[in-house]
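Student: I'm new to this structure and would like to learn how to read it. Could you walk me through it?

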Amino acid sequence: MLACIFWCGLALAAFGGPGSGGSGNETAADALNRGLAAHAAGKLDEAVAAYFTTLSKDPKNQFAYYNLGEIAQRGNRLVAAEAYYRLALEQDPKMESALFNLAIVRTNVGVAADAVVLYKQVITVNPNNAAAHFNLGLLYRQLGQTAEAQTEFATAQRLDPKLVAPSPSASPKPQASPTPTR
């Protein structure tokens with residue numbers, strides 16, 4: 001939650017403050033900021049409406065797509081989440097948080113091979129993403145690729161000493177938070 005508030009604060013500062021609540025002269029940045037504020041406050045219906053307003057003014061706004069995906073994922077609407085993350089990735093194929101969360105979605109729908117590819121893309125974008133290495137290790141172990149799993153767990157622990165090789169029942173690290181930036 002603190003990360004979300006931090007990112008929202010950065011967005012408000014970067015885009016000049018909150019919008020006018022949806023007035024006719026509201027910019028895409030204003031609508032995005034309004035959505036981020038509602039999202040951070042847990043007013044998800046308001047956030048969704050603001051993100052759609054953002055997209056009506058800026059149809060290529062990767063952050064609106066990403067945040068719609070994050071809301072859908074939290075609501076366990078995985079098909080919608082995947083669609084929104086893919087739309088965000090069409091705008092920026094290296095959007096780390098969208099790649100990461102899409103990997104979680106693909107894991108949750110039972111397509112581990114797709115998730116492996118996505119975590120590798122996250123690691124290509126940011127080799128220091130400990131959670132991606134950890135989750136990739138879990139998938140490798142699930143797929144019976146023990147040596148690869150151990151390598152990923154060791155990398156994850158080197159990057160974040162709190163991450164240790166998990167028990168066989170460990171679950172993936174949670175999805176990334178709403179964010180207006182990569």
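**Reading the model step by step**

Tutor: Let's begin with the surface: the protein has an accessible surface of about 8,900 Å², and carbon and sulfur atoms hold 57% of it. Such areas come from the Shrake-Rupley method with a 1.4 Å probe, and for residues only the protein chains shown count as cover. Keep in mind that this is a predicted model, where local features need pLDDT of at least 70 and side-chain atom pairs count only at pLDDT 80 or more, while totals for chains, interfaces and linings use all residues. Residues are numbered from 1 along each chain as its sequence is written, and side-chain values use heavy atoms, with hydrogens and water left out.

Student: How many helices and strands does the protein have?

Tutor: Helices (H or I, at least four residues) and strands (E, at least two) are DSSP runs, numbered from the N terminus. Here there are 9 helices and 0 strands, so to speak a plain α-α-α-α-α-α-α-α-α when you read along the sequence.

Student: What share of the residues is buried?

Tutor: We call a residue buried under 20% relative accessible area, exposed over 50%, and partly exposed in between (1.4 Å probe, protein chains only). By that rule, 45% of the 182 residues are buried.

Student: Let's pick a helix. What span should α3 have?

Tutor: The expected span is 1.5 Å times one less than the number of residues. Helix α3 (residues 44-57) has 14 residues and should span 20 Å, which agrees with its end C-alpha atoms being 20 Å apart.

Student: Which residues of α3 are buried?

Tutor: They are A47, A50, Y51, T54 and L55. These cover an arc of only 145° around the axis, which puts them on the same side of α3. The arc is that of the directions from the helix axis to the C-beta atoms. On the other side of α3, you'll find D45 and S56 exposed. As for partners, the buried residues of α3 pack against α2 (28-40) and α4 (62-74).

Student: Now α9, please. Which of its residues are buried?

Tutor: In α9 the buried ones are A149, E152, F153, T155 and A156. Looking down the axis of α9, you see them within an arc of 160°, so they line one face of the helix. T146, A147 and R158 are exposed on the other side of α9. The cover over the buried residues of α9 includes α7 (112-125) and α8 (130-142).

Student: How many residues does the largest nonpolar core have?

Tutor: First the general idea. In soluble globular proteins, nonpolar side chains tend to be buried together. A nonpolar core is a set of buried Ala, Val, Leu, Ile, Met, Phe, Trp, Tyr and Cys residues joined through side-chain atoms within 4.5 Å. The largest one here has 44 residues, and Y51, Y85, M95, A98 and Y119 have the most contacts inside it. Two or more residues of this core come from each of α2, α3, α4, α5 (78-91), α6 (96-108), α7, α8 and α9.

Student: What does the side chain of N101 make a polar contact with?

Tutor: A polar contact is a pair of N or O atoms within 3.5 Å; within protein, one must be able to donate a hydrogen and the other to accept it, and residues adjacent in sequence count only if both atoms are side-chain atoms. N101 sits in helix α6 and is buried at a relative accessible area of 0%. Its side chain has a polar contact with the side chain of Y85 (3.1 Å).

Student: Where is N129 found?

Tutor: N129 is in the loop between α7 and α8, and it counts as buried at 13% relative accessibility. The side chain of N129 makes a polar contact with that of E96 (2.7 Å). A polar atom of the N129 side chain also lies 2.9 Å from the backbone nitrogen of A132.

Student: Is N76 buried or exposed?

Tutor: N76 is exposed, with a relative accessible area of 58%, and its place is the loop between α4 and α5. N76 has a positive phi of about 60° although it is not a glycine.

How values were computed
Contact = heavy atoms within 4.5 Å.
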